[in-house]
Amino acid sequence: MAGRINDDDVKAVRDAVPIDAVVSEYLQLRNAGGGNLKGLCPFHDEKSPSFHVSPAKGLYHCFGCQEGGDTVDFVMKIDHLSFAETIERLAAQAGITLRYEEGGYTPGRQQGERTRLVEAHKAAAQYYTEQLDSPEAEIARRFLADRGFGQDAAQHFGLGYSPAGWDHLTRFLRGRGFSDKELVLSGLSQEGRRGPIDRFRGRLMWPIRDIAGEVVGFGARKLRDDDNGPKYLNTPETPIYRKSHVLYGIDLAKKEIARTSRAVVVEGYTDVMACHLAGVTTAIATCGTAFGEGHIKILRRLLMDNSGAEVVFTFDGDAAGQKAALRAFEDDQKFAAETSIAITPGGMDPCDLRLAQGDQAVADLVESRTPLFEFALRQVVSRHNLDTPVGRAAALDEAAPIVARIKNSAIQHESAVQLAGMLGILDTQFVVRRVAQLARWARERGRDGAGPGQGRPQRRDAPPAAEPPRPAPGGPALNLRSPAHRVERELLKLALQRPDLVSPAFDAYGTDEFTAPPYAVVRQCIEEAGGATAGAADDGYLARVRDAAPDDTVRAMVTELAVEPLHTRRDPDEAYAGVQLVAVRLAAVNQRITEIRGSLQRLGPRADPQQLTAVQNELWVLQQYGQSLRERGAAAL
């Protein structure tokens with residue numbers, strides 16, 4: 001039976017790894033005010049950032065899809081890890097040695113599957129790197145030198161060499177404690193006649209890393225004529241490697257992509273190397289597959305979909321390159337970023353271009369880019385005979401929708417005028433109106449039922465004060481227009497985010513003063529965690545509140561309230577907290593007054609005098625208290 005990780009070690013891991021540092025490995029974050037950060041949610045498609053991170057509280061919450069939690073929850077969700085695997089990964093990052101209960105720790109037996117596969121790849125990458133210095137790898141070093149890559153470049157990109165024998169790596173990893181089943185599952189080995197053998201043999205090796213920098217696969221280049229395999233052999237689909245969800249070089253390029261809001265998409269591993277060495281450090285490439293939906297999602301999270309962002313595709317000028325460019329244009333609308341294309345001269349790829357003309361030529365290639373819609377337009381128009389009215393009409397039918405898809409309205413109008421000139425249509429306004437009509441129809445289709453990112457605007461940031469976010473799926477329905485519910489929500493946010501401002505007064509509030517059922521449950525969780533007074537002096541307060549939640553729905557609500565920005569434009573202070581405390585208490589008092597008046601009406605004139613006097617006295621006391629709250633504010637609490 002696998003040992004359980006020591007609870008103190010789990011806490012140490014949670015405390016040691018800042019949530020913003022972990023989340024930033026997967027998406028770009030920017031300031032959201034109030035000490036919070038925001039970015040595009042990695043768990044659902046959206047156009048505007050609604051994913052909030054609170055570094056001070058170690059929590060995240062998406063106001064679009066309601067996903068939320070702490071650092072451990074985030075890594076478990078985004079990388080599909082178990083709890084133990086997540087703690088093991090974060091512990092390794094923080095340099096914390098974990099202790100395992102119930103019999104101690106046995107490597108290879110108690111680690112999770114994904115962690116084991118990643119560890120196997122890490123060991124394999126180290127092994128391949130060491131083999132690149134061997135005499136047998138002379139052919140690999142010569143291959144690199146012939147393409148302008150020296151030892152420093154090989155080390156920077158972690159290149160290696162797989163020996164030509166049948167099972168060198170397999171035997172090496174067995175010696176490290178990995179089982180044959182793990183080696184085959186990882187894709188590093190494959191079944192042979194007498195057991196597992198190496199998948200990669202006698203090849204130059206590129207480690208493929210995910211966005212977090214973990215080696216999850218390899219790309220292997222053929223070096224010898226007697227190798228009957230394909231020119232490039234990649235890791236097969238495995239539990240940790242899906243080619244449609246990885247981009248070669250993303251680990252090296254992600255910070256520069258986020259900083260400059262530009263990504264350069266090239267076609268091969270050597271092209272990425274050439275670009276980076278030439279100073280184009282935002283270059284990335286797909287791994288043996290076409291650029292598609294999964295790759296777009298990775299880049300969108302880094303580019304933040306701001307209007308100034310740009311994706312530059314580089315393709316050869318041949319027919320295949322043009323076809324690839326047009327295929328990329330089909331995905332253009334999935335970016336809010338502008339997309340461009342840089343056609344390499346003479347059919348040279350960036351690696352050949354650098355070798356022939358130097359680093360500056362590669363940098364100049366990227367700067368010479370053309371908007372992708374313009375390239376697509378020229379390609380479409382060139383297929384028609386513009387010397388005939390029929391040909392011009394057919395070209396307009398095919399080209400007008402392309403112009404209508406241009407996101408920038410000013411460029412769209414200018415391009416419509418340009419299209420009229422390309423087609424030789426004298427009535428320019430006819431073309432402009434045609435394009436505008438198509439663009440309007442596309443927008444209307446989007447409003448009538450487009451999915452996320454395809455027309456219907458997404459919620460921006462935290463919802464406004466007039467309409468708080470809905471509770472997590474499955475939670476009790478709230479009357480979103482109720483002023484009482486809005487102020488109850490704000491008070492709970494203060495109790496979780498700034499307990500020092502509302503204690504000790506908040507702790508005297510009963511759950512019955514919170515009229516929204518889920519808010520009443522959150523109030524109970526705060527009480528079970530020691531109350532706001534304890535929270536004002538205890539770093540573990542939020543964790544205790546979340547632990548006190550009776551189910552995942554309430555836990556998600558606690559996380560949401562702890563991360564959602566407060567509805568004040570300045571830093572919250574005691575005066576602001578006092579207004580919320582008074583509003584909730586006054587609402588509860590007014591509700592009780594209404595109930596008592598109803599009781600008096602039901603009692604009628606024949607009521608027991610003693611009972612009637614008691615009810616009237618309670619009504620009088622509450623009316624006086626309500627008047628005091630209205631006149632004196634927080635001083636009357």
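**Buried residues, sheets and helix packing**

Serine 186 is buried, its relative accessible area being 0% (buried means under 20% relative accessible area, exposed over 50% and partly exposed in between, with a 1.4 Å probe and protein chains only). The model is a predicted one, in which local features need pLDDT of at least 70 and side-chain atom pairs count only at pLDDT 80 or more, whereas totals for chains, interfaces and linings use all residues. Residues are numbered from 1 along each chain as its sequence is written, and side-chain values use heavy atoms, with hydrogens and water left out.

Serine 186 belongs to helix H9, which spans residues 180-186 (helices, H or I of at least four residues, and strands, E of at least two, are DSSP runs numbered from the N terminus). Its side chain reaches the backbone oxygen of leucine 183 at 2.7 Å, a polar contact (N or O atoms within 3.5 Å, where within protein one must be able to donate a hydrogen and the other to accept it, and residues adjacent in sequence count only if both atoms are side-chain atoms). When neighbours within four places in sequence are left aside, serine 186 is in contact with Leu117, His121, Thr235 and Thr238 (contact means heavy atoms within 4.5 Å).

Tryptophan 206, located in strand S9 (residues 203-209), likewise counts as buried, with a relative accessibility of 0%. Strand S9 is part of an open sheet of four strands, ordered S6-S9-S10-S11 with antiparallel pairing (two strands pair if DSSP finds at least two bridges between them). The edges of this sheet are formed by strand S6 (160-162) and strand S11 (232-234), each of which pairs on one side only, and the twist from one strand to the next averages 35°. Seven bridges join S9 to the antiparallel strand S10 (residues 215-222), and methionine 205 has alanine 220 of S10 as its bridge partner. Although tryptophan 206 and phenylalanine 218 are twelve residues apart along the chain, their C-alpha atoms are separated by 5.5 Å. Beyond residues up to four places away in sequence, tryptophan 206 touches a set of residues including Phe143, Leu159, Phe218, Tyr248, Tyr269 and Met273.

Strand S4 (residues 59-62) is joined to S5 by three bridges, and tyrosine 60 is partnered with glycine 69 in S5.

Helix H16 (residues 372-381) and helix H17 (residues 389-404) pack with their axes 9 Å apart, at an angle of about 175°, which makes H16 roughly antiparallel to H17 (roughly parallel is under 35 degrees, roughly antiparallel over 145, roughly perpendicular 65 to 115, and the rest oblique). The contact involves Phe373, Ala376, Leu377, Val380 and Val381 of H16, together with Glu398, Ala399, Ile402 and Val403 of H17.

Note on methods: Axes are lines fitted to C-alpha atoms, for helices over the stretch in contact, and angles run from 0 to 180 degrees between N-to-C directions.
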